[in-house]
Amino acid sequence: MAIYSFPMTTLPTSRVRDPRDAPVLRWGILGPGWIAHRFVESLAARTGQRVMAVASRNRDRAESFAHTHSIDAAFDSYDALLAWADVDIVYVATPHTEHHACALAALAAGKHVLVEKPLGVDAAQAAEIGAAATRAGLFAGEAMWTKFLPKFDVVQQIIDIGMLGPVRTVLADHGEHFTPDHRIYDPALAGGPLLDLGTYVAGFAYSVLGVPTTVAAIGQPANEHINGQVSAVLADSRGNQAVLNTTMLTNTPTTATVCGEDGILEIAGPFFMPGPFTVSLRNGTVLTYAEDPGTQVDGLHYAAVDAARCIADGRTESAVHPVVDAVRTLAIIDEMRAQLGISV
Ligand SMILES: NC(=O)c1ccc[n+]([C@@H]2O[C@H](COP(=O)([O-])OP(=O)(O)OC[C@H]3O[C@@H](n4cnc5c(N)ncnc54)[C@H](OP(=O)(O)O)[C@@H]3O)[C@@H](O)[C@H]2O)c1
């Protein structure tokens with residue numbers, strides 16, 4: 001473990017290992033949609049992981065995805081892929097509402113499972129997936145890709161070693177303008193910003209301040225069917241605060257800031273993707289984490305290789321992003337929804 005002396009003149013270095021060194025798993029993909037394309041591209045470009053099969057509810061969509069990514073096997077049902085022996089782990093890339101059923105089905109079929117965020121539509125679903133994995137002795141994890149990025153390992157170390165002094169305030173926003181034809185407008189698919197973009201800001205606040213003792217949220221509907229934006233203040237047991245916004249009505253700066261008594265850490269937008277950040281200490285020192293901005297293709301693979309390492313070590317969940325972190329983040333979102341009187 002590195003020993004740091006104060007005042008600090010350099011940032012900690014990332015402990016994230018080379019993704020190409022991870023043990024190789026045979027992957028199956030459930031749901032060949034937007035994020036699945038990027039996940040498979042990311043694995044192909046940056047790891048030695050093998051994508052063996054894809055499943056869709058529709059044969060043409062499965063075959064088209066398989067053709068695009070040179071995948072050997074295409075199934076026209078999720079169950080058919082789960083019954084196939086040549087898959088070790090399943091990546092669930094379906095809409096939020098299907099995550100719970102897909103994950104439990106994968107575990108029941110004896111497959112490890114990595115589920116897109118959110119792990120379930122609420123904390124109870126996420127906890128059930130974790131419990132089922134533990135019972136089966138299989139891995140389950142949420143692909144909250146941000147937490148696995150090298151940059152976030154550095155951010156977490158900065159907070160953990162107290163480089164910023166006592167943290168008093170966290171600010172984070174994630175807004176993206178969507179048109180009404182996107183699934184995020186569909187209540188039947190648990191649309192709305194909270195379970196989508198909101199998982200990043202709630203998860204970030206939780207990773208800095210821990211479980212909040214107070215959550216105060218206000219919302220604005222997008223239309224008569226669905227919430228459009230939420231702003232919330234969270235406080236921990238010492239009164240330290242996080243101020244969060246998530247919206248699907250407008251683009252927002254998508255920045256995140258951690259303010260401590262001895263310095264502030266400012267992550268450029270989009271804070272949840274690869275990119276730079278700056279630490280400005282009260283003594284005048286300014287330290288920069290220099291990283292080219294990237295997108296999902298540059299970062300989704302880190303959660304996958306973390307899963308591969310866990311499985312090789314016989315572990316049923318990630319140490320970087322254990323199931324309890326997904327459950328507690330969803331519990332924050334559950335509380336916001338309860339206060340707003342909305343179901344999704
Ligand atoms: N990490 C990230 O940066 C990121 C970014 C975007 C989305 N996500 C997450 O990934 C998940 C999928 O999002 P997406 O944007 O990829 O969605 P999408 O493009 O709509 O794809 C979802 C896929 O799920 C399948 N599906 C299964 N049941 C469905 C149902 N009842 N209705 C509609 N589709 C269904 C569909 O494939 P078939 O019908 O062909 O089986 C569809 O292609 C979401 O939970 C989201 O939170 C993560």
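Let's start with Ser56, which is buried, at a relative accessible area of 1%. Here buried means under 20% relative accessible area, exposed means over 50%, and partly exposed is in between, using a 1.4 Å probe and protein chains only. Ser56 sits in the loop between β2 (50-55) and α2. Those labels come from DSSP runs, numbered from the N terminus: helices are H or I runs of at least four residues, and strands are E runs of at least two.

A word on what you're looking at: this is a predicted model, where local features need pLDDT of at least 70 and side-chain atom pairs count only at pLDDT 80 or more, while totals for chains, interfaces and linings use all residues. Residues are numbered from 1 along each chain as its sequence is written, and side-chain values use heavy atoms, with hydrogens and water left out.

So what does Ser56 touch? Leaving aside residues up to four places away in sequence, its contacts (heavy atoms within 4.5 Å) are Pro32, Arg61, Ala62, Phe75, Asp76, Ser77 and Tyr78. A polar atom of the Ser56 side chain also lies 2.9 Å from the backbone nitrogen of Asn58.

Side chains of opposite charge can pair when their charged atoms come close. A salt bridge is a side-chain nitrogen of Lys or Arg within 4 Å of a carboxyl oxygen of Asp or Glu, and a search of the whole structure turns up 14 of them. In one, Asp76 pairs with Arg59, with the closest N and O atoms 3.4 Å apart. Asp76 lies in the loop between β3 (73-75) and α3 (78-82), and Arg59 is in helix α2 (residues 59-68), so this bridge ties together parts 17 residues apart in sequence. Asp76 is partly exposed at 35%, and Arg59 is partly exposed at 37%.

Next, find Glu261 and Arg168, whose side chains meet in a salt bridge at 2.6 Å, N to O. This pair links distant parts of the chain, 93 residues apart: Glu261 is in the loop between β11 (256-260) and β12 (263-267), while Arg168 is in strand β7 (residues 167-175).

In the loop between β11 and β12 you'll also find Asp262. Its salt-bridge partner is Arg282, with the closest N and O atoms 3.2 Å apart. Arg282 belongs to the loop between β13 (277-281) and β14 (286-289), so the pair joins parts 20 residues apart in sequence. Asp262 is partly exposed at 31%, whereas Arg282 is exposed at 65%.

Notes
Polar contact = N/O pair within 3.5 Å; in protein donor to acceptor, adjacent residues only side chain to side chain.
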